[in-house]
Amino acid sequence: MIKLYDGGAYLVNGTEIVEDHYDAAKELAAMVGADAPSKEEAAKQTMAYGILESHNTAADMKKLKIRFDKLTSHDITYVGIIQTARASGLEKFPMPYVLTNCHNSLCAVGGTINEDDHMFGLSCAKKYGGMYVPPHQAVIHQFAREMLAGGGKMILGSDSHTRYGALGTMAMGEGGPELVKQLLNKTYDINMPGVVGVYMTGKPMPGVGPQDVALAIIGAVFGNGYVNNKVMEFVGPGVENLSVDFRIGVDVMTTETTCLSSIWVTDDKVREFYDIHGRVDEYKELKPGKVAYYDGMIYIDLSTIKPMIAMPFHPSNTYTIEELNANLMDILDDVEKKALVSLDGAVDFTLKDKVRNGKLYVEQGIIAGCAGGGFENICDAADILKGASIGPDEFTLSVYPASTPIYMELVKNGAVASLLQTGAIVKTAFCGPCFGAGDTPANNAFSIRHSTRNFPNREGSKLQSGQISSVALMDARSIAATAANKGYLTAATDFDVNYTKPKYFFDKTIYENRVFDSKGVADPSVEIKFGPNIKDWPKMEALTDNLVLKVVSEIHDPVTTTDELIPSGETSSYRSNPLKLAEFALSRKDPAYVGRAKEVQKAEIARVSGERPGEVLPEIVPVIEKIKTICPEIARDNFGIGSTIFAVKPGDGSAREQAASCQKVLGGWANIANEYATKRYRSNLINWGMLPFIVDRGELPFKNGDYLFIPGIRKAVEDKATEIKAYVVGDELKEFTLKMGELTDDEREIILKGCLINYYRG
């Protein structure tokens, strides 16, 4: 059972919930005496408040300026981050910064591109004083858990699943520019977030794993935005019934709720985790105060959670496996209807052809990455599969331990042998199955995965090539049960299994023998190694007095993911090349976008170089003439020409900054949305000098292909205006209102300067 409280709630002594109602003060007084705190004081008793307060450099706890303890990035983000920081004056990493290589580690696409990026990373770790984790050693988040996390600490990562709350570390995933700010000794500026309690009671039944609990939570809170941009704080007596690996598996998936971060109470099990990894001094006991106030409360009885499945094409599209099997054709029909929206009807999509003799057949199982590749997940899967066969038909099973130390222990305790004997394949630490760079299924195939996301194309298929395959998210245990049933969807609770629960032993010499650690000592004499694919950011202009924007894409999906704004998979090889990567922008959602944006960009290039924009873009001439009827002073030196897109709710999913920067590289000046799905994406827009406009829901005043005129935009930003007058330019000028929401002074200055690089260059 999962219950969402309608309003706030108090947690007393970590065990009793008191709803925030008109008589709450009396109820609290009866429980704790006359010294019961006010709501404002009780809100300071959450673990999240204490950690944020200790990292806040501002006097005001309502407007936070956070300095993190450590940073971490992987090999499709760190090149752009370091290049941006170098252009802004970087001389040394001011804090521990770990560069992992778990995304482009196959080096199978684009010639030497991937390995060139790795050599760039190693040379930068030496030059600026960082750490470098070579390919196949560990996925970014597992290395962070093993070697970086610390009780009461804060870590910022350039990957959306930067979540180490189960270890007492408040971690956040953001776009690269936010890491650049930390590297340049600046701060992470946010309003004090709301904190939502996640109260756990009971104990999971055998066969239920962390992904089952996580999917149940996501299904309950994603659609209603219950935890959007808030901190999830895990409390209650049920936490102690979970192993640390189990907690980690739930915690990493909190990203899919669109929360800002997470934190958990810690106990002796967490202390043991740190002790096993030789870092017991990093343990810190964390628990809320005697009376803590939460802005919301999620109540979870763990004993009621059943094996879950998130059907295509979102982690919130959840059912119990029991429910799916009982209502198979009805649910598959619903999935097909949702697919019409997600896939824009670009290909024929069905899962009904997977039904064989009344059972759902899947062609692939994957247990991998920061969510699935943990020691306990794989050991339990091996126990389920011991002595079984996955069969010689279409079904395949691949298992990716999350780090080499985990892999080594699985070899020593026999789990790898058990898995290989079934016909499964065990591979090295790699994030590919999570973003479409490994184990791409056959056309029309259906994959079940213990990974983080199941967005369209996330498994590697390409709609523009007429190819479609799809992913459902499941726990490793039910994936193993399905594998033991030779591909027929099966819940792990249907198997009577003796789970051996072997003890984990961590071998630190694996990292000591291979990971480069500067110990924080920079060596300025080191020359950075640049491969031919690593390019500098193009010059970006400051915001002009007035803007003329052409709408070049219009997306009406309920939510637009960052995967749809800039695809993952093979495009990852070009993350170090802004111009090359930009060619892929919106390619799977609106293939005409790049061409349209480039046409408009020609006019801006001409304007900046002193030429007439109308000579390269004739359609702009009557637009400018119409604008002059209300703004006769408009001239080449006081207006900019650019493009914009409209999407209902863009930015769900990855932290990747390129979802915004690719638009900027193509001449984008703004996004227009009804709302932004995540803080991360809105921040990425701002850091690349793009205006995060909002329009009210309802009929749009413009359509794709229209020109918009925004007079006095620079002054509006300078004057901290929140509403801005704009016009649709047609036969007539139709006025409408754009909103921008709250911006910090630094964010306004970044937009005015044109991007974060310009801001730091002065």
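Predicted model: local features only at pLDDT ≥ 70, side-chain atom pairs only at ≥ 80, totals over all residues.
1. The lining of the largest cavity holds 6 nonpolar, 10 polar and 5 charged residues. In these classes Ala, Val, Leu, Ile, Met, Phe, Trp, Tyr, Cys and Pro count as nonpolar, Asp, Glu, Lys and Arg as charged, and the others, Gly among them, as polar.

2. Residues are numbered from 1 along each chain as its sequence is written, and side-chain values use heavy atoms, with hydrogens and water left out.

3. Now the terms behind the voids. On a 1 Å grid over the protein atoms alone, a cavity is a set of points where a 1.4 Å probe fits but cannot get out; a pocket is an open set with protein on both sides within 12 Å along at least five of seven lines; lining residues have an atom within 4 Å of a point. Grid points are joined across faces, edges and corners, and a volume is the space filled by probe spheres set on the points. By this rule there are 6 cavities of 30 Å³ or more.

4. The second largest cavity has a volume of about 50 Å³. Its lining includes M172, G173, E174, Y188, N229, T678, K679 and R680. Both β9 (170-173) and α26 (679-687) supply at least two of the lining residues; helices (H or I, at least four residues) and strands (E, at least two) are DSSP runs, numbered from the N terminus. By class, this lining has 4 nonpolar, 4 polar and 3 charged residues.

5. The largest pocket has a volume of about 890 Å³, and of its 33 lining residues D189, I190, N191, T744 and E747 lie nearest the centre. Elements giving two or more residues to the lining include β10 (188-191), α26 and α28 (745-753). The lining divides into 12 nonpolar, 8 polar and 13 charged residues.

6. Helices α6, α9 and α14 (375-385) are among the elements that give two or more residues here. Its lining has 12 nonpolar, 6 polar and 10 charged residues.

7. One helix pair is worth a look. The axes (lines fitted to C-alpha atoms, for helices over the stretch in contact, with angles from 0 to 180 degrees between N-to-C directions) of α8 (residues 210-221) and α9 (residues 244-252) come within 8 Å and cross at roughly 30°. In this contact (heavy atoms within 4.5 Å), P210, V213, A214 and I217 of α8 meet F246, G249 and V250 of α9. By class, the contact has 6 nonpolar, 1 polar and no charged residues.

8. Finally, an open sheet: 3 strands lie in the order β3-β2-β14 with antiparallel pairing, where two strands pair if DSSP finds at least two bridges between them. The edge strands are β3 (16-19) and β14 (291-294). Strand β2 (residues 9-12) is joined to β3 by 4 bridges, and L11 has I17 in β3 as its bridge partner.
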